[in-house]
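Please look over the sequence and the structure below before reading on. The report is meant for someone who has not seen them before.

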Amino acid sequence: GSGDGTVWMFHIPLNRCLQVFVGHEQAVTAGCFSPDGKWALSASSDGTLRIWAPKTGMNKHVFRTGEAGLTCIASNGGNDGMLLLAGAEDGQAHVCHI
């Protein structure tokens, strides 16, 4: 993530940026992939959790969790592995199903 609201997906061995995701309105604070690898996920100080298509960079869905910024995300929850937990600056935790 970055302070300008973008997320960069890097291929470390090649030292190459594969995709830049644009859409957050404030700093990006956390990111990960869905357990099945189909989606890139990001959390932001703008209080949103976003789902991205890694190949195209398209934003597939936005979860608006409230006014407080998000600070962290954890994936692979639930029976199907598709529950996310996002922690917010106000101490709340938000559960989202992708």
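## Basis of the model

The structure is a predicted model.

## Nonpolar cores

The largest nonpolar core has 15 residues, and L41, A43, L49, F63, L70, I73 and I98 touch the most other members. Four strands each supply at least two residues of this core: strand 4 (40-44), strand 5 (48-52), strand 7 (70-77) and strand 8 (83-88). Strand 8 gives the most, with 3 residues.

Not counting residues up to four places away in sequence, F63 touches G47, T48, L49, I51, C96, H97 and I98.

## Nonpolar patch on the surface

Nonpolar residues are also found at the surface. W8, F10, I12, V20 and V22 form a patch there, and together they have about 530 Å² of accessible area. Strand 1 (6-11) and strand 2 (16-22) each supply at least two residues of this patch.

V22 is one of the patch residues and lies in strand 2. V22 counts as exposed because its relative accessible area is 62%, where exposed means over 50%.

T6 lies in strand 1. Is T6 buried or exposed? The relative accessible area of T6 is 11%, under the 20% limit, so T6 is buried.

The side chain of T6 also makes a polar contact, at 2.6 Å, with the side chain of D4.

H24 sits in the loop between strand 2 and strand 3 (28-33). With a relative accessible area of 7%, H24 falls under the 20% limit and is therefore buried.

Which side chains make polar contacts with the side chain of H24? One is the side chain of S42, at 2.7 Å. Another is the side chain of R50, with a polar contact of 3.5 Å. Leaving aside neighbours within four places in sequence, H24 is in contact with G5, V7, S42, A43, S44, D46, T48, R50 and W52.

Notes
Residues are numbered from 1 along each chain as its sequence is written. This is a predicted model: local features need pLDDT of at least 70, side-chain atom pairs count only at pLDDT 80 or more; totals for chains, interfaces and linings use all residues. Side-chain values use heavy atoms; hydrogens and water are left out. Patches are made of residues with over 30% relative accessible area and no salt bridge: like charges are joined within 9 Å, nonpolar side chains (Val, Leu, Ile, Met, Phe, Trp, Tyr) within 5 Å. Accessible areas come from the Shrake-Rupley method with a 1.4 Å probe; for residues, only the protein chains shown count as cover. A salt bridge is a side-chain nitrogen of Lys or Arg within 4 Å of a carboxyl oxygen of Asp or Glu. Buried means under 20% relative accessible area, exposed over 50%, partly exposed in between (1.4 Å probe, protein chains only). A polar contact is a pair of N or O atoms within 3.5 Å; within protein, one must be able to donate a hydrogen and the other to accept it, and residues adjacent in sequence count only if both atoms are side-chain atoms. Contact means heavy atoms within 4.5 Å. A nonpolar core is a set of buried Ala, Val, Leu, Ile, Met, Phe, Trp, Tyr and Cys residues joined through side-chain atoms within 4.5 Å.
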